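Good morning, and thank you for the time. I would ask everyone to look at the sequence and the structure together as I speak.

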Amino acid sequence: MDLIRFGSTRLMVSRIGLGLAALGRPGYINIGHGKDLNFDYDIKAMQSQTVKMLDFAYRLGIRYFDVARSYGRGEEFLSHWIEGNRERKDFIVGSKWGYTYTADWKVNAEKHEVKEHSVDVLTRQYPESKKLLGDYLSVYHIHSATLDSGVLDNKEVLEKLWQLKESGVIIGLSLSGTGQGETLDKALNIQSGGGRLFQSVQVTWNLLEQSSTDVLKKASANGCGIIVKEVLANGRLTNRNVDLSFKNKKEILDKLAVKYRCGIDSLSMAYVLNQDWANVVLSGASTEEQLKSNVESLKIVLDDKDIAILESFKEEPRTYWNSRAQLNWN
């Protein structure tokens, strides 16, 4: 897998990365998540599965790994893998702060994570991540930054992030919800001495959610590295989606998958990889079979007619995020 430059930063990244949101904790909202883990939530079993997936991803050429403080034991599992692979210096890690994991290793917890974008949380969580991930921690994101959280107006937080940037860390923000574009636009205007604070953005963007496209193009033009998450819409863009309201789109995807001799997951990821502003496209795979199929997307060259067909899949942001909110933790 070829490496490309991450925006205008010094980093080189693989086009596909592996995210640990579904591997680091027993409960997640991906359709069929529990089945992927064989409903075995023993900590040692989950650590073993995560290490196995990281090994497989590395063999496939993946060199970017994404995690967060709120991904259960995700950072801990990744740290365990790093300890066994100290001779490998060619991969990088991105993590996130701002959410605290509160599910107590339960699938059906009352609250899986609590959001707080305060300087106290940032000051606590960065050292925790750094201790586990060491020098591999190259990109550090605000987790699901939104305008209503006030994080982009918090002078104490911004000052701390500027300090981290000066120490050599790439500072970014991940986005979520209907206001992704507006939040990113505001973030791009946070500057000092002619330089922008944020050099990375992690965005939800897929066949169904494309509302932030124009701002992402602007961010890319300004040297921002762009990571795309939830490219399969938490399983809605896979064969696991049996929602009757998706039936017509599913039939179109099935036909195109036959044409390109791939799975609809590969097809959906290929559409995202086709965007010239996208640097890293994250796979949220929990099994080797899923990850292998995801990586097949790199071989797919979509023709213009099919790109136009797939572009028509996009939904209104509120419709998309309302549907996402209905997904069950499993």
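How many disulfides does a search of the whole structure find? The search finds 0. Please keep in mind that this is a predicted model. As a reminder, a disulfide is a covalent bond that joins the sulfur atoms of two cysteines. Two cysteines may still be described by their surroundings. Cys224 is buried, because its relative accessibility is 4%, and buried means under 20%. Cys262 has a relative accessibility of 18% and counts as buried as well.

The largest nonpolar core has 94 residues, and the members that touch the most others are Phe65, Leu78, Leu161 and Phe198. Which helix gives this core its largest share? It is helix H9, residues 264–273, with 7 residues. Another core lies apart from this one; it has 10 residues, including Phe6, Ile227, Val280 and Leu282.

Let us take Phe65 as an example. Leaving aside residues up to four places away in sequence, Phe65 touches Leu18, Leu54, Ala57, Leu78, Trp81, Phe91, Ile92, Val93 and Gly94.

Is H3 largely enclosed by the rest of the structure, or is it open, and why? Helix H3 spans residues 74–83, and because 7 of its 10 residues are buried, the helix is largely enclosed.

In general, a pair of packed helices is described by the angle between the axes and the distance between them. Helix H4 packs with helix H5, residues 155–166, at an angle of about 25 degrees, and the two axes are 9 Å apart. H4 is therefore roughly parallel to H5, since angles under 35 degrees count as such. On the H4 side, the contact is made by Val119, Leu122 and Tyr126; on the H5 side, by Glu156, Val157, Lys160, Leu161 and Leu164. The contact of H4 with H5 comprises 6 nonpolar and 2 charged residues, with no polar ones.

By class, the contact of H8 with H9 divides into 6 nonpolar residues, 1 polar and 2 charged.

Phe39 lies in the loop between H1 and H2. Its phi is near 55 degrees, a positive value in a residue other than glycine. Ala233 is found in the loop between strand S13 (225–229) and helix H8 (247–260). Ala233 is not a glycine either, yet it has a positive phi of about 50 degrees.

Ile31 sits in the loop between strand S3 (16–19) and helix H1 (33–36), and Ile31 is partly exposed, with a relative accessible area of 25%. How far apart are Ile31 and Thr238 in sequence and in space? They are 207 residues apart in sequence and 9.1 Å apart in space, C-alpha to C-alpha. Not counting residues up to four places away in sequence, Ile31 touches Asn234, Gly235, Arg236, Arg240 and Leu327.

Finally, Leu298 belongs to the loop between helix H10 (288–295) and helix H11 (304–311). Leu298 is partly exposed, with a relative accessible area of 35%. Leu298 and Phe313 are 15 residues apart along the chain, and their C-alpha atoms are separated by 21 Å. Beyond residues up to four places away in sequence, Leu298 touches Met1, Arg15, Ile16 and Leu273.

Technical notes:
Residues are numbered from 1 along each chain as its sequence is written. This is a predicted model: local features need pLDDT of at least 70, side-chain atom pairs count only at pLDDT 80 or more; totals for chains, interfaces and linings use all residues. Side-chain values use heavy atoms; hydrogens and water are left out. A disulfide is a pair of cysteine sulfur atoms within 2.5 Å. Buried means under 20% relative accessible area, exposed over 50%, partly exposed in between (1.4 Å probe, protein chains only). Helices (H or I, at least four residues) and strands (E, at least two) are DSSP runs, numbered from the N terminus. Axes are lines fitted to C-alpha atoms, for helices over the stretch in contact, and angles run from 0 to 180 degrees between N-to-C directions. Angles under 35 degrees count as roughly parallel, over 145 as roughly antiparallel, 65 to 115 as roughly perpendicular and the rest as oblique. Contact means heavy atoms within 4.5 Å. Ala, Val, Leu, Ile, Met, Phe, Trp, Tyr, Cys and Pro count as nonpolar, Asp, Glu, Lys and Arg as charged, and the others, Gly among them, as polar. A nonpolar core is a set of buried Ala, Val, Leu, Ile, Met, Phe, Trp, Tyr and Cys residues joined through side-chain atoms within 4.5 Å.
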